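Welcome, and thanks for taking a look at this one. Here is a short tour of the ligand site and of the aromatic rings.

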Amino acid sequence: NQQILLKSRPTGEPIEKDFALVETAIPELGQGEVLNRTIYLSLDPYMRGRMSDRESYADPVELGKVMVGSTVSQVVKSNHPLFSVGDFVLGYDGWQTYGIAKGETLRKIDPNQVPISYALGITGMPGMTAYFALLDVGQAKPGETVVVSAASGAVGAVAGQIAKIKGCRAVGVVGTDEKCDYIVNELGFDACINRKTKDLSSALKAACPNGIDVYVDNTAGPILEAVLQHINLGARIPLVGLISQYNAENPSYGPNLMPLLVKRALIKGFLVGDYQERQAEFINDVAQWLRAGKLKYKEDVVKGLEKAPQSFIGLLQGQNFGKLIIQVGDD
Ligand code: NDP
């Protein structure tokens with residue numbers, strides 16, 4: 001059995017020496033276990049995270065252990081009643097030519113539906129990511145403009161095409177002109193931008209004349225920054241991946257958005273003006289709480305209009321203590 005182990009944790013971009021290819025004997029099969037011959041191993045961006053021992057939503061691969069990964073395999077020996085020799089299965093056997101897995105962790109694949117490798121992509125985890133990111137978090141609606149980064153990849157290509165199916169304008173961002181050509185001419189995206197273009201923001205503006213309603217963000221970084229300049233009122237941004245940051249030792253671009261993804265947190269824009277019609281609700285409650293002593297309030301009163309500039313500068317440095325107001329005249 002050939003295995004690829006994680007030998008060392010990369011600093012920045014992984015290098016070949018971080019991996020080790022070894023030859024091992026295949027162990028005896030235990031009760032309920034299945035021996036699989038790997039046919040396809042999925043390589044996915046999340047693996048960069050598993051190589052690192054930075055805190056993450058999943059444990060890192062231990063040094064000296066087989067790199068993890070989804071696999072499509074064929075059963076060669078089975079101690080499990082549901083699996084027979086010759087079955088095709090989706091599993092998580094990792095970077096090795098043979099894997100032993102508990103039957104419960106495997107899913108049978110029907111080779112007569114679509115090519116078996118699809119289970120690692122469009123009909124598997126990446127496809128499902130695209131589907132729910134776009135439709136559940138993104139709430140894409142007909143007529144809206146959907147931008148997708150890493151748009152020719154496993155997730156992005158599916159997201160853009162579903163956007164088209166749903167009657168949206170789909171705009172992809174990719175890394176080469178060849179990929180652009182593919183997503184527009186083969187996949188039916190309406191427009192494409194090469195992310196290495198000098199002025200991403202103007203390119204997005206031109207490709208999205210009606211602004212951006214949904215951005216399926218696979219990359220974060222500069223693409224997210226440019227997209228934000230063109231989002232429409234009520235836009236939705238499923239933060240799916242931050243691949244532009246995966247090799248960074250310290251997130252190099254703006255705040256680290258990873259906790260948003262891990263905690264499935266939502267950032268949503270807010271403008272108080274939108275709540276004008278509910279002002280009475282607010283005043284009733286606050287007046288009542290103030291009267292009851294349930295709310296406390298502190299003012300920082302500075303006397304003299306001439307103090308206004310200095311006070312304002314101080315405010316921006318945190319020098320006020322309480323609500324800053326200038327007393328311009330006697331009360
Ligand atoms: P892809 O097949 O799209 O391959 C990765 C692509 O990312 C590359 O081809 C490249 O495309 C792009 N890329 C690489 N480096 C950079 C960079 N520095 N800046 C911008 N783009 C870059 O991968 P997947 O479709 O499998 O994954 C896409 C994203 O979705 C990843 O961030 C991944 O982590 C995330 N993901 C998240 C899941 C979740 O549950 N949250 C589940 C599955 C995936 P190009 O050069 O064309 O830009």
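Let us begin at the ligand: a backbone N or O atom of Val240 lies 2.9 Å from a nitrogen atom of the ligand. Taken as a whole, the protein covers 74% of the 910 Å² of accessible area that the ligand has on its own. Please keep in mind that this is a predicted model.

**Around the ligand**

- The shell around the ligand holds 19 residues, and those that come nearest are Val155, Gly175, Arg195, Asn218 and Tyr246.
- For Val155, a backbone N or O atom is found 2.7 Å from an oxygen atom of the ligand.
- Gly175 likewise has a backbone N or O atom 2.7 Å from an oxygen atom of the ligand.
- By residue class, the shell splits into 10 nonpolar, 7 polar and 2 charged residues.
- Helix 2 (125–137) and helix 3 (154–165) each contribute at least two residues to this shell.

**Aromatic pairs**

- How many aromatic pairs does a search of the whole structure find? The search gives 3, and two of them are described here, Phe19 with Trp95 and Tyr131 with Phe132.
- The ring centres of Phe19 and Trp95 are 5.3 Å apart and the planes meet at 20°; planes under 30 degrees apart count as stacked, so this pair is stacked.
- Phe19 belongs to strand 2 (residues 19–23), while Trp95 sits in the loop between strand 5 (88–91) and strand 6 (98–102), so the pair ties together parts that are 76 residues apart in sequence.
- In the pair of Tyr131 and Phe132, the ring centres lie 4.9 Å apart with the planes at 90°, so the arrangement is edge-to-face.
- Tyr131 is partly exposed, with 39% relative accessible area, and Phe132 is partly exposed as well, with 44%.

**Lysines over rings**

- Lys108 lies over the face of Phe83, at 5.8 Å from the ring centre.
- Over the face of Phe321 lies Lys298, at 4.2 Å from the ring centre.

Conventions
Residues are numbered from 1 along each chain as its sequence is written. This is a predicted model: local features need pLDDT of at least 70, side-chain atom pairs count only at pLDDT 80 or more; totals for chains, interfaces and linings use all residues. Side-chain values use heavy atoms; hydrogens and water are left out. Rings of Phe, Tyr and Trp (its six-membered ring) pair if their centres lie within 6.5 Å; planes under 30 degrees apart count as stacked, over 60 as edge-to-face and the rest as tilted. Helices (H or I, at least four residues) and strands (E, at least two) are DSSP runs, numbered from the N terminus. Buried means under 20% relative accessible area, exposed over 50%, partly exposed in between (1.4 Å probe, protein chains only). A charge sits over a ring if NZ of Lys or CZ of Arg is within 6 Å of the ring centre and within 35 degrees of the ring normal. A residue is near a molecule or strand if one of its heavy atoms lies within 4 Å of it. A polar contact is a pair of N or O atoms within 3.5 Å; within protein, one must be able to donate a hydrogen and the other to accept it, and residues adjacent in sequence count only if both atoms are side-chain atoms. Accessible areas come from the Shrake-Rupley method with a 1.4 Å probe; for residues, only the protein chains shown count as cover. Ala, Val, Leu, Ile, Met, Phe, Trp, Tyr, Cys and Pro count as nonpolar, Asp, Glu, Lys and Arg as charged, and the others, Gly among them, as polar.
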